[in-house]
Amino acid sequence: MAELDKPQRELATPSDWTYASAPESRDVVRLAERYGHFVGGDWLEAAETYETIAPRDEETLAAVGQGTPADVDRAVTAARAAFDDGWSSLPGSVRAKYLFRIARLLQERSREFAVLESLNGGKPIKESRDVDLPLAAAHFFYYAGWADKLEYAFPNRRPRPVGVAGQIIPWNFPLLMLAWKIAPALACGNTVVLKPAETTPLTALLFCDVLRQAELPPGVVNIVTGDGRTGAALVEHDGVDKIAFTGSTEVGKAIQRRLAGTGRRLTLELGGKAANVVFDDCALDQAIEGIVNGIYFNQGHVCCAGSRLLVQESIYEPLVAKLERRLATLRVGDPLDKNTDVGAINSAAQLAKIRELVASGEAEGAEIYQPPCVLPEQGYWFPPTVFTNVAQSYRIAQEEIFGPVLSVLTFRTPEEAVEKANNTPYGLSAGVWTEKGSRILWMAQRLRAGVVWANTYNRFDPSSPFGGYKESGFGREGGLHGLEPYLEFEE
Ligand code: NAI
Ligand code: MG
């Protein structure tokens, strides 16, 4: 065709770049109307139930059991029977086989789990899909690897399992926290009664289906749902040999008081108020991404979130300008949209707590910045927020907000950075941004935090131990260290 014969068409130049949503289908998830407790490999009818919802629009998803002390007692009895009936004396290689199966099943069903996690908890699907699920599977793979090597992990110490572990987990990483708790416990030959958080029970209940597929012997893992009363009943039960708790410092302290003098073992992973320390020689754009990831990942519902940003004074202005510009590009909205960066706040109670603390920051004199963003009308939402002009004494610099709220403070010298970073009752994590390797090591030696990230933030790996100092708790999860709380040694 000659050039001239070509039809002359005006190419429409798009003038409107309105965002088209990219929702993940929820058809892959099949929910029952009502769930009981998973005890001894069977479903136990729940006498009392409550409704669990989707925080993005408050849709009711299912009725789940509010576990009573009698339910907890049945679960502990089932766990004890499974421990005595052979689980604890199985060869490690056989226990490993079950853990490998669970890991592979989680991978196979990861889309289903990711959608359900985002639906019930509110976190963006790209996080549940790319972080929670791969890491949960990785924990089972990792601890499967240790199950038949415990004697090499602890040479000459003759490790044996502790018994029945009672495990209480929070709502910010429901399936991942389940994996952190169950994988090492089983690898070491213990049996488990686990209580998920009241707002996010559904992936734990779906996990029971994986346990059946994996043909795990009945009673090795039991799941009892319910709120803090169910958790308290588990702590009270003297058939439980070890409690592992992740949650608020307040409840952690109460559990520690309750168990004092009983001889029953305890590990606590509690809150945090981590310092993310940025030196003036850092790669600034990279640091901005790390700061954003540090506090807006999972809506800031992260115990190790980098919620206190310590910036060296000489780069304060360019850093804050870049940060605010970056904030304006974060997409807040439907957790099931594949492009969402910041999802829904987990519960009405958590939203109220965030609002209260943010109001206190404004009242105490900090300067607030929130990018323009349209929040959905239904459900629980809070925009990404930065506070500047923050004094160390303000509540927003001291208390865990557990929301998408960053407090910015400044420092001049490395010594001052260390002093300010450690000026907190917590000690779970910290971040350091600098081009100087020697400074990273200098800082890491002085920061009183269980994890120190350098030129990165919120990176997790099953082989790396995680846990706190001071009011952030004690005991380590992950890595070789994560086996110890689940073992006794004949010395
Ligand atoms: P929470 O500590 O009350 O809940 C965590 C888990 O403990 C849940 O499974 C809950 O049912 C259970 N629980 C509550 N009371 C209990 C009791 N007396 N005995 C035994 N178990 C009990 O935390 P909550 O109320 O959900 O959140 C409050 C604040 O705690 C958050 O705003 C955040 O600051 C912090 N938090 C820290 C977490 C972390 O990862 N370290 C996780 C969740 C909350
Ligand atoms: Mg509570």
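**View 1. The lining of the largest pocket in the predicted model.** The largest pocket is lined by 36 residues, and those nearest its centre are W171, F245, G247, S248 and V251. Two or more lining residues come from each of the elements α8, β9, α9 (249–259) and α12, and α9 supplies the largest share, with six residues. By residue class, the lining divides into 16 nonpolar, 12 polar and eight charged residues, and the volume of the largest pocket is about 870 Å³.

**View 2. Ligand 1 in the largest pocket.** Ligand 1 sits in the largest pocket, where the elements giving two or more residues to the shell around the ligand are α8 (228–236), β9 (242–246) and α12 (348–364). Of these contributions to the shell, that of α8 is the greatest, at three residues. The shell around ligand 1 holds 26 residues, of which W171, E198, S248, K353 and E400 come nearest, and its residues divide into 12 nonpolar, eight polar and six charged.

**View 3. Polar contacts of ligand 1 with I169, K195 and A232.** An oxygen atom of ligand 1 lies 2.8 Å from a polar backbone atom of I169, and a polar side-chain atom of K195 is 2.9 Å from an oxygen atom of the ligand. At A232, a polar backbone atom is 3.5 Å from a nitrogen atom of ligand 1. On its own, ligand 1 has 810 Å² of accessible area, of which the protein covers 83%.

Definitions and conventions: Residues are numbered from 1 along each chain as its sequence is written. Chains are lettered from A and ligands numbered from 1 in the order in which they are written. This is a predicted model: local features need pLDDT of at least 70, side-chain atom pairs count only at pLDDT 80 or more; totals for chains, interfaces and linings use all residues. Side-chain values use heavy atoms; hydrogens and water are left out. A residue is near a molecule or strand if one of its heavy atoms lies within 4 Å of it. A polar contact is a pair of N or O atoms within 3.5 Å; within protein, one must be able to donate a hydrogen and the other to accept it, and residues adjacent in sequence count only if both atoms are side-chain atoms. Accessible areas come from the Shrake-Rupley method with a 1.4 Å probe; for residues, only the protein chains shown count as cover. On a 1 Å grid over the protein atoms alone, a cavity is a set of points where a 1.4 Å probe fits but cannot get out, and a pocket is an open set with protein on both sides within 12 Å along at least five of seven lines; lining residues have an atom within 4 Å of a point. A molecule sits in a cavity or pocket if more than half of its atoms lie within 2 Å of its grid points. Helices (H or I, at least four residues) and strands (E, at least two) are DSSP runs, numbered from the N terminus. Ala, Val, Leu, Ile, Met, Phe, Trp, Tyr, Cys and Pro count as nonpolar, Asp, Glu, Lys and Arg as charged, and the others, Gly among them, as polar. Grid points are joined across faces, edges and corners, and a volume is the space filled by probe spheres set on the points.
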